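Here is a short report on a predicted model.

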Amino acid sequence: MKEEHPVLKGKTLSELQALCTSLGIEAYRAKQIYAGIYKSRYTSLDQFTTLSKEIRELLKEKTVFPEIKLGRELISKDGTRKFTFDVEPGKEIETVWIPSADGERKTICISSQVGCTLNCSFCATGLLEYKGNLQTWQIVDQVLQVEKIVQDRATNIVFMGMGEPLHNYFSVMKAAHIFHDMDGMGLGAKRITISTAGVVTGINRFIDNKEPYNFAISLNHPNPNARSSVMDINKKHPLEKLLESARRFTQELDRMITFEYVMIPDVNMGKENAERLVRIARSVNKCKINVIPLNTDFTGWRRPTEEEVGEFVSYLRAKAGVPILNRQSPGRDINGACGMLALKGVRNEGSNKN
Ligand code: SAH
């Protein structure tokens with residue numbers, strides 16, 4: 001690959017306009033290129049027939065139009081499909097296609113980094129070696145490639161794959177913009193969710209920039225000290241500051257924020273923690289809580305039983321005064337569920353196509 005050449009994919013329209021100008025191509029051509037990539041989904045420059053042959057040749061010579069490379073595909077009993085991609089040789093990420101049971105909602109869960117610098121003790125991605133941030137085109141291309149393979153379009157995109165999106169803020173927001181932009185993929189802002197383990201500086205930047213996307217915080221523990229013991233990031237960005245920024249979010253943007261809460265028996269499901277969680281919900285107020293049972297057991301912790309989940313959830317529903325969503329976690333049999341990315345091939349019951 002001509003490394004030094006600019007990449008056509010992953011550029012905003014105005015970046016493409018600037019690129020065209022710098023190559024001596026009329027700026028209005030940028031719109032045709034943008035539409036060719038995101039609306040027509042062209043995979044080769046030869047398909048851009050709205051452009052003259054001269055322009056296509058110039059683009060071939062001076063730019064690159066790369067793709068991330070499909071590695072393996074695993075298909076779950078429940079219809080979830082997990083893909084691995086090499087974004088570059090030796091840099092592997094995972095992307096998950098999650099159709100809802102009624103077929104109405106089709107979610108793509110995308111990665112923002114190769115591995116993760118965080119070390120959340122319940123999450124498999126933290127076990128991987130961190131190999132860097134993804135570039136915008138590598139984020140956007142996950143959606144283009146998966147949609148091409150499954151021959152369908154996503155209704156929702158969540159940044160809940162590998163990595164911490166707010167540690168790759170600008171590339172992530174640029175990708176989200178392309179997903180949302182009417183001239184790009186045209187997905188509603190509320191159908192795009194950014195999820196963070198709690199990078200307070202990033203949350204504040206998100207608020208300052210009035211980003212329109214859905215926003216989720218992986219709270220996971222309501223006790224300041226205990227949170228540090230399961231999520232290292234709490235030492236750098238303590239719970240109190242995190243909640244301050246969550247309140248600021250709801251007040252300044254006047255929007256609902258989501259808390260994700262992975263339920264781990266003997267860790268964060270006891271009475272005291274339930275009470276703390278209720279106090280947090282009440283203090284933030286404009287929020288909802290998605291609870292999700294622990295999916296991994298490599299930590300020695302176990303998954304909660306249905307009774308334990310039932311008890312915890314009913315307590316929250318009775319006291320918290322905010323919506324509590326008991327989230328299903330599709331794709332467990334292919335290690336495609338939350339917290340399982342990177343656990344490839346381990347106890348796999350799904351069918352491996354490759
Ligand atoms: N770093 C971001 C994006 C990853 S999202 C973040 O933390 O939000 C991954 C989601 O899966 C998070 O909500 C996380 O708390 C949850 N998760 C991680 N490990 C899990 C596990 N073992 N079981 C269930 N959920 C898990």
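## Ligand surroundings

Around the ligand there are 21 residues, each with a heavy atom within 4 Å of it. Phe122, Ser195, Ser218, Asn220 and Thr296 come nearest.

Polar contacts here are pairs of N or O atoms within 3.5 Å. A polar backbone atom of Phe122 is 2.8 Å from a ligand nitrogen. The side chain of Glu164 places an N or O atom 3.0 Å from a nitrogen atom of the ligand. For Cys338, a backbone N or O atom lies 3.4 Å from a ligand nitrogen.

## Basis of the values

The model is predicted: local features need pLDDT of at least 70, side-chain atom pairs count only at pLDDT 80 or more, and totals for chains, interfaces and linings use all residues. Residues are numbered from 1 along each chain as its sequence is written, and side-chain values use heavy atoms, with hydrogens and water left out.

## Enclosed space

A cavity is a set of points, on a 1 Å grid over the protein atoms alone, where a 1.4 Å probe fits but cannot get out; lining residues have an atom within 4 Å of a point. Volume is the space filled by probe spheres set on the points, which are joined across faces, edges and corners.

The whole structure has one cavity of 30 Å³ or more. The largest cavity has a volume of about 560 Å³. It is lined by 32 residues, and Phe122, Cys123, Met160, Ser218 and Gly339 are the closest to its centre. The lining has 17 nonpolar, twelve polar and three charged residues. Nonpolar means Ala, Val, Leu, Ile, Met, Phe, Trp, Tyr, Cys and Pro; charged means Asp, Glu, Lys and Arg; the others, Gly among them, are polar.

## Open pocket

A pocket is an open set of points with protein on both sides within 12 Å along at least five of seven lines. The largest pocket has a volume of about 880 Å³. Of its 34 lining residues, Arg105, Thr107, Val158, Asn290 and Arg327 are the closest to the centre. By class, the lining has 15 nonpolar, 13 polar and six charged residues.

## Cysteines

The disulfide count is zero, with a disulfide taken as two cysteine sulfur atoms within 2.5 Å. The sulfur of Cys116 is 6.6 Å from that of Cys120, its closest cysteine sulfur, so it is too far for a bond. Cys287 is in no disulfide either; the nearest cysteine sulfur, in Cys338, is 19 Å away.

Cys287 is buried, at 1% relative accessible area. Cys116 also counts as buried, at 12%. Buried means under 20% relative accessible area, with a 1.4 Å probe and protein chains only.

Note on methods:
Buried < 20%, exposed > 50% of the residue type's maximum accessible area, 1.4 Å probe, protein only. Polar contact = N/O pair within 3.5 Å; in protein donor to acceptor, adjacent residues only side chain to side chain.
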